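Here is a short briefing to read alongside the sequence and the model. It goes topic by topic.

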Amino acid sequence: MLILHCPNCGVDADETELAPGGQAHLKRFGPGSSDEDFHDYLFARENPRGVHFERWRHAHGCGKWFHAARDTATLEVFATYSAQTTEPPQAVLDAIAARRPGWTWRHES
Amino acid sequence: MSEPVSALKGASFDGLAHVEECGLQGMITLRGALSARAVQKAATVASGASLPDANRANMAGEGGLCWMSPDELLILCPYPRAAETVETMRKTLGKTHALAVNVSDARAMFRVSGGAAREVLAKLCPVDLSPAAFGPGQFRRTRMAQIAAAIWMEDDESFGIVCFRSVAEYAFNLLKAAAQPGSAVGVFAARPGAISGD
């Protein structure tokens, strides 16, 4: 069972209070993009065993979206942070690096 | 004119705790930037209560002001005054980007009181309701089994609960089941020999 800290209202919310929103930090490919990019934007998702970034909505609480960085295998939550970001803030990357030496964010690799 | 009635007409139940439907309650939803002066003024004048901090509710007599989300407040007021209160709020808000709606007839309100009130609610909500974590003045939107609900403590042995009117009967049945005599768990009772903080 996950318990995520909602950065919008400050509540430690149980998983049953939350609605999952899939992978975070997708880059949109809309009109004018190639078919392949559009296909990947629509369908291709990461499915890592380990560090993952997700969108969640505090559906039964404040109703706001937020992002969470967590480990899909151990369920360890590294951080939750604002949904109004296009990539993880440095503090979140540092928190992950402290726990998973050698791990790098996909844009850095 | 038809006579307004509440969802369960004040039904009540006595078990581990006293469960009652509170009857007609004026409720107004106010959405907008809570930092805006006009929004703050509209909310405090309408409820007679001061602006609450996040996840808290301030009660003042028949009125109350509850923090629902970073851009939403719930104003409690006497039922017959809800419509005129909304009108007054709209005048106060003027051209400020905000929304005030009378939701009194869309909601139901319950009260659970008695020594086991914490336990009754704790059976239904995924919230830490231990006295150290949740006390009077705090306000929490959460779920009760399958439905959305908002709970707050009026005093140390009494909870107020707001849910949608359409699920009022379900909510009442839930609370009755949780307060069924003989179903006490005693999780918040003082345990002899318990290590403090455990």
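**Backbone, helix packing and salt bridges**

Ala145(B) counts as partly exposed, at 26% relative accessibility. The model is predicted. A search of the whole structure finds 13 salt bridges over all chains.

**Positive phi angles**

- Ala145(B) sits in the loop between strand S9 (139-144) and strand S10 (147-155) of chain B.
- The phi angle of Ala145(B) is near 50°, a positive value in a residue other than glycine.
- His25(A) also has a positive phi, near 60°, and is likewise a residue other than glycine.
- The loop between strand S3 (19-23) and helix H1 (35-43) of chain A holds His25(A).
- His25(A) is buried: its relative accessible area is 9%, and the cut-off for buried is under 20%.

**Helix packing in chain B**

- Helix H1 (residues 37-47) and helix H2 (residues 82-93) of chain B pack at an angle of about 155°, and their axes are 9 Å apart.
- That angle makes H1(B) roughly antiparallel to H2(B), because angles over 145 degrees count as roughly antiparallel.
- H1(B) contributes Ala38(B), Val39(B), Lys41(B), Ala42(B) and Ala46(B) to the contact.
- H2(B) contributes Thr85(B), Met89(B), Thr92(B) and Leu93(B).
- By class, the residues of this contact are six nonpolar, two polar and one charged.
- The crossing of H1(B) and H2(B) is right-handed.

- Ile28(B) lies in strand S3 of chain B.
- Ile28(B) counts as buried, at 0% relative accessibility.
- Not counting residues up to four places away in sequence, Ile28(B) touches residues including Leu73(B), Leu74(B), Ile75(B) and Cys77(B).
- Also among them are Thr85(B) and Met89(B), two residues that H2(B) brings to its contact with H1(B).
- Ile28(B) and Leu73(B) are 45 residues apart in sequence, yet 8.3 Å apart in space, C-alpha to C-alpha.

**Salt bridges**

Side chains of opposite charge can pair when their charged atoms come close.

- In chain A, the side chains of Arg100(A) and Asp71(A) form a salt bridge at 2.9 Å, N to O.
- Arg100(A) is in the segment after helix H2 (90-99) and Asp71(A) is in strand S5 (residues 65-71) of chain A, so the pair ties together parts 29 residues apart in sequence.
- Arg100(A) is partly exposed, at 23% relative accessible area, whereas Asp71(A) is buried, at 4%.
- In chain B, the side chains of Arg31(B) and Asp71(B) meet in a salt bridge of 2.9 Å, N to O.
- This pair links distant parts of the chain, 40 residues apart: Arg31(B) is in strand S3 (residues 26-32), and Asp71(B) is in the loop between strand S5 (63-69) and strand S6 (72-77) of chain B.
- Arg31(B) is partly exposed, with a relative accessible area of 32%. Asp71(B) is partly exposed too, at 23%.
- Arg31(B) and Asp71(B) belong to a network of salt bridges with Lys64(A), Glu72(B) and Arg141(B).
- Glu87(B) and Arg90(B) meet through their side chains in a salt bridge of 3.6 Å, N to O.
- Both Glu87(B) and Arg90(B) lie in helix H2 of chain B, three residues apart, about one turn of the helix.
- Glu87(B) counts as partly exposed at 41% relative accessibility, and Arg90(B) is partly exposed at 43%.

Methods: Residues numbered from 1 in each chain as written. Chains lettered and ligands numbered in written order. Predicted model: local features only at pLDDT ≥ 70, side-chain atom pairs only at ≥ 80, totals over all residues. Heavy atoms only, no water. Axes fitted to C-alpha atoms, helices over the stretch in contact; angles between N-to-C directions. Helix = DSSP H or I, 4+ residues; strand = E, 2+ residues; numbered from the N terminus. Parallel < 35°, antiparallel > 145°, perpendicular 65-115°, else oblique. Left-handed = near helix turned anticlockwise from the far one by under 90°. Contact = heavy atoms within 4.5 Å. Nonpolar A, V, L, I, M, F, W, Y, C, P; charged D, E, K, R; others polar. Salt bridge = Lys/Arg side-chain N within 4 Å of Asp/Glu carboxyl O. Buried < 20%, exposed > 50% of the residue type's maximum accessible area, 1.4 Å probe, protein only.
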